[in-house]
Amino acid sequence: MKKINNFWFRSSAWLLNSILLLLGFSSCDSNGSEMYGTPYATYSLKGKVVDAQKQPIPDIEVKIKMGYGGDYHSQTAPLKTNVSGEFSFKESLSTGGEFRLVARDVDGTANGSFKSDSIDITMDKPSGGDGSWFQGSASKEDIVITLQKDEAK
């Protein structure tokens, strides 16, 4: 009985592997080592939030939304600008390198009131990958988001 069960198990495993192979699925890379996961890259964004006179604005919330094809869906935890109005983001992601940065004044009138604004960033293709799942890294620096005063507040 055990021999029959083993036969059916091996036969069904062979059949399933054959079907997956025909569909183009594989769990090995070109070197024959097993691979599981999703390709990813390390993305780095650095910038500054300023007012119309190019003065830095501290304590501005910057949300990083990620997307593909102009559809921004997921986001990271919000960042805050430092006393020089600067923000910095670095993370390993499996997205296509498209980001929307949304700057929002959340501290009330502490440093003046500003209207929210956003900027879209498309990164260059990552470079320096290891030839497997790690696609490398890409960075964009000197990003400037200019916020306008909100006279209504």
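1. Partly exposed means a relative accessible area between the buried limit, under 20%, and the exposed limit, over 50%. Asp 59 has 37% relative accessibility, so Asp 59 counts as partly exposed. This is a predicted model. The phi of Asp 59 is near 60 degrees, a positive value in a residue other than glycine. Asp 59 sits in the loop between β1 and β2 (60–68).

2. A second residue to check is Asp 142. Its phi is also positive, near 60 degrees, and Asp 142 is not a glycine. Asp 142 lies in strand β9. With a relative accessible area of 71%, Asp 142 is exposed.

3. Next, the sheet. Four strands form an open sheet in the order β5-β1-β9-β8, with mixed pairing. The edges are β5 (86–93) and β8; each has a single partner strand, so one side of each has no neighbour in the sheet. Strands of a sheet pair through backbone hydrogen bonds, either parallel or antiparallel.

4. Pairing within that sheet. Strand β1 (residues 40–50) runs parallel to strand β9 (residues 134–146), over nine bridges. Tyr 40 stands opposite Phe 134 in β9. On the β5 side, β1 pairs in the antiparallel sense over eight bridges. There, Ser 44 stands opposite Lys 90.

5. The β8–β9 end. Strand β8 (residues 127–128) pairs with β9 in the antiparallel sense, over two bridges. Gly 128 is opposite Gly 136 in β9. The hairpin of these two strands has five residues between them, and Gly 131 takes a positive phi near 90 degrees there.

6. Is Thr 81 buried or exposed? Its relative accessibility is 3%, so Thr 81 counts as buried. Thr 81 is placed in the loop between β4 (79–80) and β5. Its side chain has a polar atom 2.9 Å from the backbone oxygen of Ile 57. The side chain of Thr 81 also reaches the backbone nitrogen of Ile 60, at 2.9 Å. Leaving aside neighbours within four places in sequence, the contacts of Thr 81 include Asp 59, Pro 58, Val 49 and Phe 87.

7. The core. The largest nonpolar core has 23 residues; Leu 45, Val 49, Phe 99 and Leu 101 touch the most other members. At least two residues of this core come from each of β1, β2, β5, β6 (98–105) and β9. Beyond four places in sequence, Leu 45 is in contact with Phe 99 and Leu 101, among others including Ile 64, Ile 121, Met 123 and Ile 143. In soluble globular proteins, nonpolar side chains tend to be buried together.

8. How many salt bridges does the structure hold? There are two. In one of them, the side chains of Arg 104 and Glu 61 meet at 3.1 Å, N to O. This pair links distant parts of the chain: Arg 104 is in strand β6 and Glu 61 in strand β2, 43 residues apart. Arg 104 counts as partly exposed at 38% relative accessibility. Glu 61, at 11%, counts as buried.

9. The Arg 100 pair. The side chains of Arg 100 and Asp 120 meet in a salt bridge at 2.7 Å, N to O. Arg 100 lies in strand β6 and Asp 120 in strand β7 (residues 117–122), so the pair ties together parts 20 residues apart in sequence. Arg 100 is partly exposed, with a relative accessible area of 26%. Asp 120 is partly exposed too, at 42%.

Key:
Residues are numbered from 1 along each chain as its sequence is written. This is a predicted model: local features need pLDDT of at least 70, side-chain atom pairs count only at pLDDT 80 or more; totals for chains, interfaces and linings use all residues. Side-chain values use heavy atoms; hydrogens and water are left out. Two strands pair if DSSP finds at least two bridges between them. Buried means under 20% relative accessible area, exposed over 50%, partly exposed in between (1.4 Å probe, protein chains only). A polar contact is a pair of N or O atoms within 3.5 Å; within protein, one must be able to donate a hydrogen and the other to accept it, and residues adjacent in sequence count only if both atoms are side-chain atoms. Contact means heavy atoms within 4.5 Å. A nonpolar core is a set of buried Ala, Val, Leu, Ile, Met, Phe, Trp, Tyr and Cys residues joined through side-chain atoms within 4.5 Å. A salt bridge is a side-chain nitrogen of Lys or Arg within 4 Å of a carboxyl oxygen of Asp or Glu.
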